[in-house]
Amino acid sequence: AAQSWLVSRVYPLPESVLQFMFDFKELGDDEEATYAKQMLEKALKNELAARPDGGAAAVPALVDLISTSQRFVRSTDANSPVSLRDVDRFLQLFRWFLSHLHGAERGSKPKNAGQIALFSRKLWQKFKAAVVGGGGRDEAASPWLRAAVLSATHVYQMRLGSKDKRAAYAVDLVAALARHADTWGQPAELITTERVEIIVEAEQVAYLEQMDLDADVAGNRSLRENVFVVLVCVANRIPIFLTGPPGCSKTLAVSLVIRHMRGHETKNAFFRRLPKVTPLAFQGSRLSTSESIQRVFRKAIEDQQAQRAREARRLAEQPDAAPRESISLVFLDEVGLAEVSPHNPLKVLHSLLQPINDDDRVAVVGISNWGLDSAKMNRAIHLACLEKDFDDLQQTADRIFEQVMRDAARSGPVMPTDKYANGRLTATIAAKYLDYYTHSPHTEYPGHGLREFYALTKFCARETARMHRE
């Protein structure tokens with residue numbers, strides 16, 4: 001009776017069965033590379049066959065890239081284990097990006113960037129002089145290179161929780177790419193960390209440019225990263241967990257993706273190519289139970305199957321109609337709170353994140369202020385939101401000031417503002433917040449976080465606009 005609260009009891013194995021016990025340990029580098037090669041040749045069979053050499057050069061190049069990434073994460077971040085699941089996710093995203101980047105027209109006109117199909121190239125032109133070194137050559141990044149960089153960024157780099165680790169991974173990534181420069185159709189001297197950063201940032205900005213952001217939303221680095229990773233994972237039905245402190249745009253990014261991924265119902269050409277998302281939310285808490293989580297997933301699967309049945313009937317009635325894809329999205333809000341529940345509700349996530357039947361696979365997005373255990377994190381892509389440094393904070397404050405001033409100008413005449421003075425003010429706000437946050441006595445849960453920083457910046461911007469109007 002005293003032990004009735006135990007979930008299970010553990011007994012030693014009898015000696016008679018010890019001879020049947022095997023320790024599989026973990027794959028060595030060579031064995032892992034062999035598995036990755038077999039998985040790659042199967043997953044990218046058509047893409048490799050379409051290359052002039054039949055993929056003879058691409059296979060070792062991608063295997064080297066995967067092996068380098070696996071080794072780096074395994075040796076650098078013990079809290080973020082890697083396995084063959086990450087190889088499978090890399091290959092799935094590589095195929096998606098390769099197909100996506102080959103599109104002749106990736107979307108309608110963004111607000112500031114011209115055709116979205118040309119946006120990455122335009123951003124590359126902006127930085128070309130610095131990266132190429134004034135050589136005058138116009139070496140646009142090939143789709144294979146961009147797909148490799150973006151897939152590796154998603155699966156491996158975004159899980160790293162510090163800028164230093166991400167920068168170190170970028171060095172290893174560039175070295176692996178440069179070893180096979182001919183495969184990517186690029187001179188080795190052009191495969192640099194600066195160019196890799198440009199490829200990633202260009203794609204992030206391109207996605208965010210397609211969205212209608214509210215006036216008080218600053219499209220800073222955190223939001224760009226969050227939207228980019230969440231959108232791609234949802235479109236591919238790959239589970240993703242976003243972890244980070246409050247105020248780093250986790251919920252906002254998910255809301256933006258849900259609002260804009262409406263499939264054929266949207267007028268935006270870019271989002272019309274993506275599936276329509278039907279969200280179902282689950283609020284995690286210490287009172288959460290495994291049954292409540294299973295109910296949400298069961299409802300999501302039923303809705304997705306019903307949508308596909310309706311689509312099949314529509315195509316049967318209209319054989320010439322374009323197909324419309326719909327997926328269900330389970331949004332696990334504050335999933336970290338459910339992990340500390342005495343009911344241990346998250347034990348059911350293992351099978352729900354990786355169902356045996358592909359028809360039961362839905363998109364899953366979980367957000368938390370801290371990471372979950374390794375068994376769950378390994379079944380999903382992990383985006384570790386970085387804590388903001390001074391440059392991030394000032395950039396965000398500058399964008400908030402710019403937006404508030406533009407809004408104020410629409411409502412009435414405003415005297416021209418001194419951008420230098422505004423810059424000094426935003427720098428002061430950023431420096432004071434960073435000093436407070438760094439030296440706060442409650443370092444784990446400081447009394448004021450990023451939301452207070454945003455509120456203070458907006459208040460100062462509105463007061464500046466009011467004084468210039470008067």
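This is a predicted model: local features need pLDDT of at least 70, side-chain atom pairs count only at pLDDT 80 or more; totals for chains, interfaces and linings use all residues.
Residues are numbered from 1 along each chain as its sequence is written, and side-chain values use heavy atoms, with hydrogens and water left out. Local features need pLDDT of at least 70 and side-chain atom pairs count only at pLDDT 80 or more, whereas totals for chains, interfaces and linings use all residues.

Side chains of opposite charge can pair when their charged atoms come close. The structure holds 18 salt bridges. A salt bridge is a side-chain nitrogen of Lys or Arg within 4 Å of a carboxyl oxygen of Asp or Glu. One of the 18 salt bridges joins arginine 74 to glutamate 32, with an N to O distance of 2.8 Å. This pair links distant parts of the chain. Arginine 74 is in helix H3 (residues 58-76) and glutamate 32 is in helix H1 (residues 29-43), 42 residues apart. Helices (H or I, at least four residues) are DSSP runs, numbered from the N terminus.

The two partners differ in accessibility class. Glutamate 32 counts as buried because its relative accessibility is 7%. Arginine 74, at 30%, counts as partly exposed. Buried means under 20% relative accessible area, exposed means over 50%, and partly exposed lies in between (1.4 Å probe, protein chains only).

A salt bridge also connects glutamate 47 and arginine 95. Their closest N and O atoms are 3.4 Å apart. Glutamate 47 lies in helix H2 (residues 45-49) and arginine 95 in helix H4 (residues 84-101), so the pair ties together parts that are 48 residues apart in sequence. Glutamate 47 is buried, at 19% relative accessibility. Arginine 95 is partly exposed, at 38%.

Helix H4 also holds arginine 89 and aspartate 86. Their side chains meet in a salt bridge of 3.0 Å, N to O. The two residues are separated by about one helical turn because they are 3 residues apart in helix H4. Both arginine 89 and aspartate 86 are buried. A network of salt bridges links Asp86, Arg89 and Arg159.

A patch of negative charge lies on the surface, where Glu26, Asp29, Asp30 and Glu31 gather. Patches are made of residues with over 30% relative accessible area and no salt bridge, with like charges joined within 9 Å. Asp and Glu count as negative. The place of a charge is taken as CG of Asp or CD of Glu. Glutamate 31 lies in helix H1. At 42% relative accessibility, glutamate 31 counts as partly exposed.

Three further residues were examined for their positions. Tyrosine 454 lies in helix H19 (residues 450-469). With 15% relative accessibility, tyrosine 454 is buried. Leaving aside neighbours within four places in sequence, tyrosine 454 is in contact (heavy atoms within 4.5 Å) with Asn220, Gly247, Lys388, Thr396 and Ile400. Tyrosine 454 and leucine 393 are 61 residues apart in sequence, and their C-alpha atoms are 9.4 Å apart in space.

Proline 143 lies in helix H6 (residues 143-157). Its relative accessible area is 27%, so proline 143 is partly exposed.

Aspartate 391 lies in helix H17 (residues 390-411). Aspartate 391 is exposed, with a relative accessible area of 53%. Aspartate 391 and alanine 430 are 39 residues apart in sequence and 8.3 Å apart in space, C-alpha to C-alpha.

Key:
Patches are made of residues with over 30% relative accessible area and no salt bridge: like charges are joined within 9 Å, nonpolar side chains (Val, Leu, Ile, Met, Phe, Trp, Tyr) within 5 Å. Accessible areas come from the Shrake-Rupley method with a 1.4 Å probe; for residues, only the protein chains shown count as cover.
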